[in-house]
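Open the model in your viewer and keep the selection tool at hand. We will go from stop to stop.

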Amino acid sequence: MKQKHRIFIIIPVVLFFFVLGYSITAQKLKAPKTDLETKTEEPTLASSEDNEPESDLEATAEPAISDSNTQVSSETAPFTPEDLAKIDMVISDQNSSVFEGKAGNQEVFLAIFRNGTDLTASFITSGDEKTETHLTGTIEVNDTSFTLKNEDGSIILYGLINPDTEQGDLLTGIYKNSKDKADADFNLVLSYSFASTPEARYPLMAASTEDIENFAREIKLSITGDKKKELAELIHYPINVTIHNDKKAINTPEDFIQSYDDIITADFKNKIGSSQTTYLFSNDMGVMMGNGDIWFNSLEGKGLKIIAINN
């Protein structure tokens with residue numbers, strides 16, 4: 001009886017500890033599950049945070065698209081009548097417009113005559129003023145573009161007209177020369193215009209284009225070569241010059257030769273040496289070399305003569 005009684009006592013105790021152990025084990029097993037769930041939620045939060053920059057990108061993407069649309073629309077927008085009038089005057093109809101500037105590293109002088117939408121042109125480089133390259137092409141004022149090419153198509157200029165820039169009225173574009181394998185940007189500023197073709201570019205002068213530009217070359221060579229006597233014979237006397245900051249009248253070739261070094265200074269010689277002798281500006285006063293450094297004209301009975309030296 002006593003042994004049976006002990007068994008009855010032990011069984012409940014064992015059951016108690018079994019249940020207690022099961023309960024503890026269940027709690028321990030449950031705890032990792034909760035941590036795992038928490039850990040699996042953390043990446044979800046991180047992923048959500050990672051998505052936030054995508055939202056920011058989407059928010060900034062909209063203005064970018066809007067800006068792009070604005071840019072496209074501005075490029076395709078028609079020009080106002082005022083814009084077209086300015087563009088039209090850069091290469092004006094029935095006039096020649098002379099431009100100077102750079103095509104790559106080369107200094108270029110370009111004269112364009114316009115007849116409606118048709119263009120005839122010629123250009124020289126500062127290194128070869130005697131050789132003119134003749135071009136033909138068309139102008140499209142409504143989209144500000146023009147094209148020029150020589151007879152065999154080996155030289156082509158594709159350009160745009162840009163009026164009223166800080167530099168002045170500009171032609172910008174691409175110069176291609178398949179013979180020289182040259183491909184360069186050009187940037188040319190309008191220098192002046194005259195109401196004639198490039199071939200007859202001195203309409204107010206009683207001398208041919210060839211004679212005028214040959215005379216300009218003779219002046220340039222005389223000054224850069226210090227040919228005092230030859231230069232003295234090209235001048236119409238009396239002529240006023242500046243000597244030591246004072247104006248002085250030179251009355252004869254002999255007076256000019258005597259004062260030559262005071263008149264043709266090193267600075268003045270450099271100015272004439274770097275000036276062109278083709279596509280010169282002219283008006284009813286005569287033809288200008290440099291920036292008004294020398295003026296000459298065709299005088300009755302005397303031919304072409306220097307009438308002003310602004311040294």
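**First stop: the cores**

Select Ile-219. Beyond its neighbours within four places in sequence, Ile-219 is in contact (heavy atoms within 4.5 Å) with Leu-231, Leu-234, Met-289, Ile-294, Phe-296 and Ile-306. This is a predicted model, where local features need pLDDT of at least 70, side-chain atom pairs count only at pLDDT 80 or more, and totals for chains, interfaces and linings use all residues. Residues are numbered from 1 along each chain as its sequence is written, and side-chain values use heavy atoms, leaving out hydrogens and water.

Now show the largest nonpolar core, which has 30 residues. Such a core is a set of buried (under 20% relative accessible area, 1.4 Å probe, protein chains only) Ala, Val, Leu, Ile, Met, Phe, Trp, Tyr and Cys residues joined through side-chain atoms within 4.5 Å. Ile-219, Leu-231, Phe-256, Phe-296, Ile-306 and Ile-309 have the most contacts inside it.

**Next: aromatic rings**

Select Phe-146 and Phe-186. Their rings form a tilted pair, 6.4 Å centre to centre with 50 degrees between the planes. Rings of Phe, Tyr and Trp (its six-membered ring) pair if their centres lie within 6.5 Å; planes under 30 degrees apart count as stacked, over 60 as edge-to-face and the rest as tilted. Phe-146 is in strand S5 (residues 145-149) and Phe-186 in strand S8 (residues 182-194), so the pair ties together parts 40 residues apart in sequence. Phe-146 is buried at 3% relative accessibility.

**Last stop: a strand residue**

Go to Thr-125, in strand S3 (residues 118-125). Thr-125 is buried, at 13% relative accessible area.

Key:
Helices (H or I, at least four residues) and strands (E, at least two) are DSSP runs, numbered from the N terminus. Buried means under 20% relative accessible area, exposed over 50%, partly exposed in between (1.4 Å probe, protein chains only).
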